[in-house]
Amino acid sequence: MTSHDLDVILLTGSGVLILAVLAVRLSVGIGLPSLLMYLGLGILIGYDGAGVQFADANIALVLGLSALILILAEGGLTTNWSTMRPALGLGVLLATVGTSISVGIVAAGAHYLFGLDWQLAVLIAAVLSPTDAAAVFSVLRSVPLKSRVSGVLETESGLNDAPIVVLVTAISVGEINDHGVGGFLALIVFELVIGALLGLLVGWGGARLLRRAALPAAGLYPLVVFAVTVLAYASAALIHASGFAAVYVAAVVLGNTELPHRSATRSFVEGIGWLAQIGLFVMLGLLVHPSDIQLWHIGAGVGIGALLTFVARPASVAACAAWFRVGWREQLFIGWAGLRGAVPIVLATIPLANGVTQSIDLFNITFVAVVVYTIVQAAPLHRLARWCGVESDRGRDVEIDAAPLERISADLLQIHVPSTSRLAGVEVGELRLPEGASVTMVVRGDSTLVPHRTTRIRVGDELLIVTTRDLREGVERRLRSVARHGRLAGWDLDPRRRDS
């Protein structure tokens, strides 16, 4: 590669990145996942568009899996454990048993209804069944949902990649016959459990390290956090456990630990997550050759996608939800919101890279199904959430950042008050912070003020609170309570009343 080649790559890459970021605004406005814009951009500059040729399935697979690691890390780091915990049982069940039910139904339908041989039928069922973390995180976080519903969807999308990667890889390389059905199921359980445990261990160790270390620059904390999540993946993969389960669990642990400069870390990981999504989807768009997609690919993609969306997915949700108290409208929304995105297309590159018979047909069918049903499912989500009664009307949480003050064993908390937070209108004295914690300054617009007890908090304010380390958790808990319930938070002593 010459310096001129590098200049061309940088020019093209920066231009694509700017267009992709601008596409986010458009996708948010029309309520569709930005992945469609990125895929379209990749197709426009690809073989049938501007002529950029990219047909190496092995490179696409490596880059795709790498991007998924970063996307899962971002999803875990921005997941609220208090939201995830009540939904953990149903989410894990959907990621394992529910996905298995979907694979079985779709595989049978693809074989008997569409005439595909069993290997191709099982592969396409496995590739299409898992929900996509990037699509779920990006779309559902713009829809204000009840915590249990969003927790179920995020947990499922964060964990269901792991067993499917094992299944698709085993079929593609011919290992599934070597282990037998029982041995293969045991292998999946082993990889998931060991991967999750290793992720928990690495996340816990990384959190303790970051809480004790006083790094010289705030920008170093996000780098270490991301490095710990990648370490969890690599450690699990090295011992043939599930790296995807490990990276997600480690990220959840880190994301729910009181780390220094948490807002800076959150902003950094969201940026890396967006970058990974943009690179992944544009690359997959380059890999697609629309001129190679035949009419029967379109028919099979639409038909198999319909079988998954309207039969297999609702059946798997109903079977798993039967063990929990979940109403039929809530089940309807969870079933409909199981969005597909990059994950199925990345999974389709596994048999492509291993030279499986009809793998190109598999890739084209998958691409058609993902594009069509992403549009079909994502467009009505807002209205469906309202009709199903799963929208949440509670105020948005506060954004809290912390910087360590090592000499006095204290922390400086920086709290931003968004427009939907119920902190707005509350007087400083009504916060009722513990003794040893104090609101020392309010940044309002371009000015600052030292508050009194009667100073009223406004939307957009930045509160600076100094608290000792041992009180920090209680201070944050109190601030979040007021942000969600208003100045009377804490006076209701009935423990049965909880956030929905």
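Mentor: This is a predicted model, and the secondary structure of the protein chain comes to 19 helices and 5 strands. Of the 500 residues in the chain, 50% are buried.

Trainee: How do you know where confidence in the protein chain is lowest and where it is highest?

Mentor: The predictor gives each residue a pLDDT from 0 to 100, and the mean for the protein chain is 82, with 89% of the residues reaching 70 or more. Strand E1 (residues 399-405) has the lowest confidence, at a mean of 61, whereas helix H14 (residues 295-321) has the highest, at 93. Over residues 492-500 the pLDDT stays under 50, and the model has 7 contacts beyond four places in sequence for that stretch. Where pLDDT is low, the predicted coordinates should not be read in detail.

Trainee: Why is Ala-342 called buried?

Mentor: Buried means under 20% relative accessible area, and Ala-342 has 1%, so the word applies. Ala-342 is found in helix H16 (residues 342-353), and, leaving aside its neighbours within four places in sequence, it is in contact with Asp-132, Leu-280, Phe-281 and Leu-284. Ala-342 and Ala-67 are 275 residues apart in sequence, yet their C-alpha atoms are 9.8 Å apart in space.

Trainee: Which residues touch the most other members of the largest nonpolar core?

Mentor: That core has 126 residues, and those touching the most other members are Phe-244, Leu-280, Phe-281, Leu-284, Ile-304 and Phe-333. Helix H3 (residues 57-77) supplies the largest share of this core, 11 residues. A second, separate core of 19 residues includes Val-426, Leu-431, Leu-463 and Ala-483. As for Leu-284, when its neighbours within four places in sequence are left aside, it is in contact with Leu-39, Ala-342, Ile-345 and Val-346.

Trainee: Why is the pair of Tyr-112 and Trp-118 called edge-to-face?

Mentor: A search of the whole structure finds 5 aromatic pairs. Rings pair if their centres lie within 6.5 Å, and planes over 60 degrees apart count as edge-to-face; for Tyr-112 and Trp-118 the values are 5.7 Å centre to centre and 85° between the planes, and the pair is edge-to-face.

Trainee: What makes Tyr-233 and Phe-244 an edge-to-face pair, and which parts does the pair tie together?

Mentor: The limits are again 6.5 Å for the centres and over 60 degrees for the planes, and this pair has 5.6 Å and 65°, which is edge-to-face. Tyr-233 lies in helix H11 (residues 220-238) and Phe-244 in helix H12 (residues 243-255), so the pair ties together parts that are 11 residues apart in sequence. Both Tyr-233 and Phe-244 are buried.

Definitions and conventions
Residues numbered from 1 in each chain as written. Predicted model: local features only at pLDDT ≥ 70, side-chain atom pairs only at ≥ 80, totals over all residues. Heavy atoms only, no water. Core = buried A, V, L, I, M, F, W, Y, C linked by side-chain atoms within 4.5 Å. Buried < 20%, exposed > 50% of the residue type's maximum accessible area, 1.4 Å probe, protein only. Helix = DSSP H or I, 4+ residues; strand = E, 2+ residues; numbered from the N terminus. Contact = heavy atoms within 4.5 Å. Phe/Tyr/Trp six-rings, centres within 6.5 Å; stacked < 30°, edge-to-face > 60°.
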